[in-house]
Number of protein chains: 2
Amino acid sequence: MDDTPRMRSMDVLTAEPRRGRAAARPAGRLDRWVLAQMRRRLQGIPLRVSLWDGTSTRLSDTPEVAEVFVKDRRTLLALVRDPAVAFGDAYAGGRLEVRGDLLRLLEAVYAHWQGTPAGHRVEQPRREPSDRERARANIHYHYDLGNDFYRLWLDEQLVYTCAYFPTPGTSLEEAQTAKFEHVCRKLRLRPGDTVVEAGCGWGAFALHMARHYGVTVRAYNISREQIRFARARARAEGLDGRVEFVEDDYRNVRGSCDVFVSVGMLEHVGRENYRAFAEVIDRCLAPSGRGLLHFIGRDRPRALNAWIRKRIFPGAYPPTLAEVAREVLEPVSLSVVDVENLRLHYALTLRHWRARFEAAKGRVAEMFDESFVRAWRLYLAGSEAGFTTGYLQLFQVTFARAAADTAWTRAELYR
Amino acid sequence: MDDTPRMRSMDVLTAEPRRGRAAARPAGRLDRWVLAQMRRRLQGIPLRVSLWDGTSTRLSDTPEVAEVFVKDRRTLLALVRDPAVAFGDAYAGGRLEVRGDLLRLLEAVYAHWQGTPAGHRVEQPRREPSDRERARANIHYHYDLGNDFYRLWLDEQLVYTCAYFPTPGTSLEEAQTAKFEHVCRKLRLRPGDTVVEAGCGWGAFALHMARHYGVTVRAYNISREQIRFARARARAEGLDGRVEFVEDDYRNVRGSCDVFVSVGMLEHVGRENYRAFAEVIDRCLAPSGRGLLHFIGRDRPRALNAWIRKRIFPGAYPPTLAEVAREVLEPVSLSVVDVENLRLHYALTLRHWRARFEAAKGRVAEMFDESFVRAWRLYLAGSEAGFTTGYLQLFQVTFARAAADTAWTRAELYR
């Protein structure tokens, strides 16, 4: 099995020529004017912004949580033009440094956006085409970075979605298994059930369902590296007779099933495909079927942070609960049975990942380079901040056909 | 305290002159043609339709659950023109009889509507004006029928919303208290919290919160009879210092609160007022506030059954989850924390109410008349059938500000 990481770097981020002379020159009137503009826009964030020559301003009267040190004028101007992308690229490229607590800085920024009334309107979600070829390219971009890379900082089962921590002290390993159990209970799996899993990562959940619930699973994924890994796992466990890993797009899911489950894929589907996604569920799901969608969501429609969309997750869009209810479930008359918001669990999951990532950063730098390490640090910390502040949500939506045998209460989830 | 029931009858339903001769005349070609039309439209419902002269047809090859006996041509024609309203009016007015199991008949009809693809489009929700005067008139129409009337068939605390049955064998009395507990736990009430309740019925829940959780409550209702009853209750229990019952529209809710809760009111708000409702919540709710909306809902947008809207609940509209998320919560950036669908609990609640109602039907007929008894029988059975078949849903939506201290898991709801 070939899972050698391709040595892809974030070197686009440092490819721009450095203008040494500009950086050395003291900040002038223009720079100070730009800084004042920035101060006005970000007023209230407990942050200090400093320029290459020591010019410095605080954005708030409250004690600052961190200092953003901008190393050259080009970066300063870029920050004003396109703050999200420029901040990420400059941080990754080393043209901007964060001195102090990166997480608290990002939390302060998200909390600021949450709090401003303008925040209700500022970002409009972009609809990007997401045909099958592009979907494959988008998924390849992120998920085929090499299994060895993910092995450095995910749990031992390689689960790259929000875990469920019965208590905050639960280990990441236990919490990923607890998430599987929580979802299986929500789905009321019974021996003999047929399950379709759309977007199965490295296959851990599909294998868990087959191993512990006596169900058969067809699990779909368009990431070649993940599917190859998952198949090898199924064979090694002797579960390949009960779990079929299919390297294909969710739109090609065929056959029927009692249960339809998708953990961490809907973010990558794109709103323009929700109707197609709904029709796949409707086509497959038995008259007494039920299912669950687990996805990163929002409180109101907004595009994903532009830098994350550009450099980390091309094509991703975290929907609101209303969008999923209206565009996926309503058109095919599926009932919402239960919704649970687990955003604090995703924040804690990310905290674990980030700690492991930092511990492995030397290895990551060897596999890629320093700019890659910084970009991923920013992505992990930014995601954690998104969940702690409520800028991002994590929804588990359990749904069912009207004729499904749903649970009388949710008490059995907690026994 | 004056809570004498006004002797309002459903006599509008029998006010049309009977055409004795038409009813006596044997069914002719026209009648049989109409019956064939009806058969085609309702094909597959396990039901027999019979006319005044014995002409009879089955709508399905499967054994019928009931027979609808149409007593005259006028009623037959009305059934084709406006089935929902005509069926209800004719049933209440005695111009149509159901022989067999009324509940199973209604379930078969709802299941049929659910199953037909056309069902996705047939009914468009009507937007009706719902200004304050009309709101008051609408609420008066249903809720001011006299406390003595409701006392005949509700539980001893007079709770006229879906109960929560920890097990199906729980009594109605216990299940209403269990519902209060379930909601209080979802709201994480703490001593000293201030609570606003929008739409408080006869006040039982407001009093429960104050009695058991040490909170202070301002509870709003525009039903005069209910508010008077609730105030007397608060005084009798010595809770009038901690629970204030305000006879006013939810739009006039003032002041601030830690918790905003509304059980069984949103159905009466009307979609055109969701934004105003959202702004009331946003205006009142503390920065760390949370709340809960408990309401009858739908899987997809559809008007309420026309007869129910006309004769039982003027102005009512049960929204979809997406409508509530998008039109109430999103505009004011409230996070959905938890959604629970309790439709089977409402079916069981209605089964209890219906049994008590049938046991008290002699008293009800004395208070009103036989047509009123039949109309309410149809309304209660129809609602039960709506919930058993999934034609209606019951959603409890817990929401919170981003800064609220939400529960780590839902386990504490089940301890």
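1. A residue counts as partly exposed when the number of other C-beta atoms within 10 Å of its own falls between the limits for buried, 20 or more, and exposed, 12 or fewer. B:Arg188 has 18 C-beta neighbours inside 10 Å and therefore counts as partly exposed. This residue sits in the loop between α8 (172-187) and β5 (194-198) of chain B. Its phi is positive, about 50°, although B:Arg188 is not a glycine. The model is a predicted one, and the points below should be read with that in mind.

2. Overall content of chain A. The secondary structure consists of 16 helices and eleven strands. Chain A has 415 residues, of which 51% count as buried. If one takes the contacts in chain A between residues at least 6 apart in sequence, 73% of them join residues at least 24 apart.

3. Domains of chain A. The assignment gives two entries, domain 1 (29-100) and domain 2 (132-414). Their centres, taken over C-alpha atoms, are separated by 36 Å. Nine residues of domain 1 of chain A and nine residues of domain 2 of chain A make up the contact. On the domain 1 side, the residues that touch domain 2 of chain A divide into five nonpolar, three polar and one charged.

4. The four-stranded sheet of chain A. The strand order is β2-β1-β3-β4, the sheet is open, and the pairing is mixed. β2 (56-58) and β4 (96-100) of chain A are the edge strands; each has a single partner strand, so one side of each has no neighbour in the sheet. On average, neighbouring strands are turned by 20° against each other, direction ignored. Within this pairing scheme, β3 (residues 66-70) of chain A runs antiparallel to β4(A), with five bridges between them. A:Val70 is placed opposite A:Leu96 of β4(A).

5. Relation of the two chains. Chain B is superposed on chain A by a rotation of 180° with 0.0 Å of shift along the axis, at an RMSD of 0.0 Å. This is the relation of a two-fold axis.

6. Composition of the interface. The contact involves 30 residues of chain B and 30 residues of chain A. On the side of chain B that touches chain A, α13 (321-329) and β10 (335-341) of chain B each supply at least two residues. Which element gives the most to that side? The answer is β10(B), with seven residues. By class, the residues on this side of chain B are 13 nonpolar, ten polar and seven charged.

7. β10 (residues 335-341) of chain A and β10(B) are joined by three bridges and run antiparallel. One residue pair in this arrangement is A:Glu340 with its bridge partner B:Asp338 in β10(B).

8. Helix α13 of chain A. Is α13 (residues 321-329) of chain A mostly covered or mostly uncovered? Eight of its nine residues are buried, so by the limit of 20 or more other C-beta atoms within 10 Å the helix is mostly covered. The buried residues include A:Leu321, A:Val324, A:Val328 and A:Leu329, and also the charged residues A:Glu323 and A:Arg326. The cover comes from both chains: it includes α11 (274-284), β9 (285-297), β10 and β11 (393-400) of chain A, together with α13 and β10 of chain B.

9. A buried position in chain B. B:Val217 lies in strand β6 (residues 216-221) of chain B. Why does B:Val217 count as buried? There are 27 other C-beta atoms within 10 Å of B:Val217, and the limit for a buried residue is 20 or more. Leaving aside residues up to four places away in sequence, B:Val217 touches B:Val195, B:Glu197, B:Ala206, B:Met209, B:Ala210, B:Arg242 and B:Val243. The C-alpha atoms of B:Val217 and B:Glu244 are 6.2 Å apart, although the two residues are separated by 27 residues along the chain.

Technical notes
Residues are numbered from 1 along each chain as its sequence is written. Chains are lettered from A and ligands numbered from 1 in the order in which they are written. This is a predicted model: local features need pLDDT of at least 70, side-chain atom pairs count only at pLDDT 80 or more; totals for chains, interfaces and linings use all residues. Copies are superposed by least squares on the C-alpha atoms of residues with pLDDT of at least 70 in both. Two residues are in contact if their C-beta atoms, placed from the backbone, lie within 7 Å. Two strands pair if DSSP finds at least two bridges between them. Axes are lines fitted to C-alpha atoms, for helices over the stretch in contact, and angles run from 0 to 180 degrees between N-to-C directions. Domain bounds come from an automatic or database domain assignment.
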